[in-house]
Amino acid sequence: MITSKTKLLGVIGYPLEHSLSPLMHNAAIQAINAQQAQQNLIDYIYLPFPIKPENLNAAITGFSAIGVQGFNITIPHKQTIMPLLSEVSDIAQAVGAVNTVYKTHSHRTHQGWTGTNTDVAGFLAPLQTYRWDMHQKVAVILGNGGASRAVVAGCIQLGFAEIHIIGRSIEKLTAFQQSWLNSPLAISLKIHKWDKLSSLISQADLLVNTTPIGMYPNIQESPVDEKVFDKLSPGAIVYDLIYIPNPTKFLQQAQERGAIAIDGLEMLVQQGAAALELWLQQSVPVDVMRYSLHKHLGLNK
C-alpha cells in the first residue's frame, strides 16, 4: 500500500526506459517485509526518474522538497551531479563519479545530500571469488568514459601490477590519465590508442569492456575482432559491464577461447545491494535481487 507516508527512493538518468533497478530494489523491499512482523514493515518504494541534463539542478532541489530518501545515478549525471551535493565520499572523489546519493546530516548547504560510489564494490564482487594474486597481473580496460573509472579504482584496490587503458581519442586518453595522477588513489596508468589492442591482448590477465559496443539492440557487435581475440590467453578473465544481451558477443568470443567470462549483471546486483543497505541501514536479500533480474531476463542461472 502506497500512502503519503511512503518513503521515496529511485534512480535518475536519461533515458531510463531499460533500467532494471526498480525491479530488483522493489523485489528486495517486498522480500524484507515478507520476513518482518507487521509493526516492523519498511515503507519504501523505488521509482525511475528520467531527468534531462538541463533539469538536473531543479530535480535535486525538488527531491529535497518532496522528501526523497536517496537515489542512484546513471548516465549522463554521474559526474555533473557532484557540484550539487553537500558532500562527496572519498571513494567517489577518487573515482570522479557518484552513483549513489543519500541524505546527509550536514547543513552546510541547502541540498543536504552526500554522494558515494558503489560501482567499485559492484565491479569487485564477482572478481573476488577468484583467489588470484593480482600483484603480478595485467589489466586491460577497453574505454575511457565514466564507467571505466570505477573499473580502474577496483583494479587499483586489487593491486594489479599494470593497468592499460585503450581508447579512440588521444586527447581524452591523456585527460583520463592525468585525472588519476591528481586523484587520491594516485596511480600511473598506461594509455593506448585502439590499434594497440592487438599487441596488448596477449598480456591481459583481465580484459574489461566498459564501452557500450555490443549492447542491445546492436547484439552482433563486439569491441574486439576475432583475429585479435585469438591472441587472448585461455586463462584470462574477460568481464563485460553490459548485461543485455546475456551473454554479449564479446563474452561469447571469450568463452570460445577458453577464458573465464563475467557479465555485468552481478555488478548491477551488487552495486544496487550496497546502495540499498546504505539507505535502509540493514542487510538486504541480494539473492532476491539477483533472482528478480534473472527471471525478468529469462536466464537460468
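Why does Tyr-216 count as exposed? Its relative accessibility is 53%, and exposed here means over 50% (buried is under 20%, partly exposed in between, with a 1.4 Å probe and protein chains only).

This is a predicted model, where local features need pLDDT of at least 70, side-chain atom pairs count only at pLDDT 80 or more, and totals for chains, interfaces and linings use all residues. Residues are numbered from 1 along each chain as its sequence is written, and side-chain values use heavy atoms, leaving out hydrogens and water.

**View A. Strand β1 and its partners.** Five of the seven residues in β1 (7-13) are buried; strands are DSSP E runs of at least two residues, helices H or I runs of at least four, numbered from the N terminus. β1 pairs in parallel with β2 (44-50) over seven bridges, where pairing takes at least two DSSP bridges. Look for Lys-7 bridging to Tyr-44 in β2. On to β3 (68-73): five bridges join this strand to β1, again in the parallel sense, with Leu-8 partnered by Val-68.

**View B. The loop around Tyr-216.** Tyr-216 sits in the loop between β10 (206-209) and α8 (226-229). Together with Met-215 and Ile-219, Tyr-216 forms a nonpolar surface patch of about 300 Å² accessible area (Shrake-Rupley, 1.4 Å probe, only the protein chains shown as cover).

**View C. Residues 264-290.** This stretch is 78% helix and 0% strand, its end C-alpha atoms 12 Å apart.

Notes: Patch = residues over 30% accessible without salt bridge, like charges linked within 9 Å, V, L, I, M, F, W, Y side chains within 5 Å. Salt bridge = Lys/Arg side-chain N within 4 Å of Asp/Glu carboxyl O.
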